[in-house]
Amino acid sequence: MTANDTPSGKQPTATYDSAFLKACRREPVPHTPVWFMRQAGRSLPEYRKVREGIPMLESCMRPELVTEITLQPVRRHDVDAAIYFSDIVVPLKAIGLDLDIKPGVGPVVEQPIRTRADLARLRDLTPEDVTYVTEAIGMLTRELGATPLIGFAGAPFTLASYLVEGGPSRTYENAKAMMYGDPELWADLLDRLADITAAFLKVQIEAGASAVQLFDSWVGALAPADYRRSVMPASAKVFDAVAGYGVPRIHFGVGTGELLGLMGEAGADVVGVDWRVPLDEAVRRVGPGKALQGNLDPTVLFTDKDTVEARAREVLDAAAGLEGHVFNLGHGVMPNTDPDALTRLVDHVHTHSAR
């Protein structure tokens with residue numbers, strides 16, 4: 001089954017004919033669909049208000065709060081898809097790892113994964129571990145109606161980087177040392193994480209997510225040969241595990257211009273592109289049969305309205321020859337972004353791209 005099919009034995013859902021899902025399936029659309037990574041987050045005053053005093057991981061485990069936060073940018077910006085509010089380390093927390101998200105730092109792991117014995121701590125994820133996800137997505141799909149909900153997870157490499165380093169890193173020295181120096185342990189670690197990630201995505205799809213995105217945020221730190229040998233098998237395992245659901249699968253990483261073709265080859269239906277590679281060049285690197293997502297530089301939103309619109313038109317022009325295009329930023333919305341700039345951008349993209 002591919003993203004062009006409806007699930008076997010089921011009628012098309014309310015979201016099936018949405019502009020977002022049509023673009024993912026490389027079908028004609030009434031306008032270029034828009035959503036933003038980190039569209040639900042610190043750029044919104046209403047988000048800061050409801051999150052006040054609530055730790056990040058706890059907020060991801062409260063279905064009513066997750067629902068409210070996920071819906072906020074849909075109400076405010078009129079985006080074409082919602083993305084489930086969560087964090088890439090949620091499934092790791094759910095299986096019992098001692099980790100936390102520290103403000104101003106990011107995910108911090110109390111005991112990093114460094115030896116083969118440490119792999120025993122990575123048990124399988126079950127739906128019972130994340131019942132709050134199923135509950136929240138049920139609430140969301142009822143509220144969203146014809147607006148698709150994107151589920152997501154962190155890719156095995158990025159999760160492994162956090163687990164081996166013990167937190168964020170600029171060099172990934174411990175993770176890459178394991179990859180180079182103990183390739184068998186590295187492969188087993190990523191394979192275990194692929195199973196956990198696939199299980200987490202399955203929960204989201206079965207609860208009602210219309211598409212999924214795999215975030216490999218830090219994989220741009222690798223050379224193509226290392227990606228193909230040491231990362232791609234695990235990412236492909238994740239995509240293969242959810243292929244039978246027939247929902248579009250999006251793959252995104254930062255600084256991945258040299259990896260775009262391989263990221264599509266791993267099994268994505270849609271390849272996310274950061275701002276470093278123009279979309280007309282990205283399509284050459286990715287090859288036929290894939291939609292593209294992206295790729296306005298997030299910092300452009302700090303300029304004036306005319307500049308934002310001009311830069312957005314450049315993205316749309318570069319995407320003019322694509323079979324399918326989902327407009328997005330080249331990375332997430334920055335915390336100090338003016339929410340009104342995002343609202344105006346959505347309106348401009350819709351108006352300028354109207355067929």
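Guide: Let's start with a pair of helices whose crossing is right-handed: helix 9 and helix 11. Keep in mind as we go that this is a predicted model. Helix 9 covers residues 183-207, helix 11 covers residues 232-242, and their axes lie 9 Å apart at an angle of about 30°. Angles under 35 degrees count as roughly parallel, so helix 9 and helix 11 are described as roughly parallel to each other.

Now zoom in on the side of helix 9 that touches its partner. Leu190, Asp191, Ala194, Asp195, Thr197, Ala198, Leu201, Lys202 and Ile205 are the residues that helix 9 brings to the contact.

Helix 4 and helix 6 (residues 131-144) have axes that come within 9 Å and cross at roughly 40°. Helix 4 and helix 6 are therefore oblique to each other. Their crossing is right-handed. From helix 4, the contact takes in Pro63, Glu64, Val66, Thr67, Thr70, Leu71 and Val74, while helix 6 supplies Tyr132, Glu135, Ala136, Met139, Leu140, Glu143 and Leu144. By class, that contact holds 9 nonpolar, 2 polar and 3 charged residues.

Follow helix 4 out to the loop between it and strand 1 (82-83), and you'll find Asp78. Asp78 isn't a glycine, yet it has a positive phi of about 60°. Most residues other than glycine have a negative phi, and most peptide bonds are trans. There's something to see on the peptide-bond side too: the bond from Gly294 to Asn295 is cis, with omega near -5°. Asn295 sits in the loop between strand 8 (291-293) and helix 14.

Ser161, Val164 and Glu165 of helix 7 meet Glu173, Asn174, Ala175 and Met178 of helix 8. The class count for this contact is 3 nonpolar, 2 polar and 2 charged residues.

The largest pocket holds about 1,400 Å³ of space. It has 44 lining residues, and the closest to its centre are Arg38, Arg42, Met56, Asp87 and Ile101. Helix 7 (156-165) is one of the elements giving two or more residues to that lining, along with helix 2 (45-51), strand 2 (99-102) and strand 3 (106-109). By class, the pocket lining splits into 25 nonpolar, 11 polar and 8 charged residues.

Searching the whole structure turns up 1 cavity of 30 Å³ or more. The largest cavity has about 60 Å³ of space. Its lining is made of Leu301, Thr303, Asp304, Lys305, Val308, Glu309, Ala341, Arg344 and Leu345. Helix 14 (305-318) and helix 15 (339-353) are the elements that each give two or more residues to that lining. By class, the cavity lining has 4 nonpolar, 1 polar and 4 charged residues.

How values were computed. Residues are numbered from 1 along each chain as its sequence is written. This is a predicted model: local features need pLDDT of at least 70, side-chain atom pairs count only at pLDDT 80 or more; totals for chains, interfaces and linings use all residues. Side-chain values use heavy atoms; hydrogens and water are left out. On a 1 Å grid over the protein atoms alone, a cavity is a set of points where a 1.4 Å probe fits but cannot get out, and a pocket is an open set with protein on both sides within 12 Å along at least five of seven lines; lining residues have an atom within 4 Å of a point. Grid points are joined across faces, edges and corners, and a volume is the space filled by probe spheres set on the points. Helices (H or I, at least four residues) and strands (E, at least two) are DSSP runs, numbered from the N terminus. Ala, Val, Leu, Ile, Met, Phe, Trp, Tyr, Cys and Pro count as nonpolar, Asp, Glu, Lys and Arg as charged, and the others, Gly among them, as polar. Axes are lines fitted to C-alpha atoms, for helices over the stretch in contact, and angles run from 0 to 180 degrees between N-to-C directions. Angles under 35 degrees count as roughly parallel, over 145 as roughly antiparallel, 65 to 115 as roughly perpendicular and the rest as oblique. A crossing is left-handed if the near helix is turned anticlockwise from the far one by less than a right angle, and right-handed if clockwise. Contact means heavy atoms within 4.5 Å.
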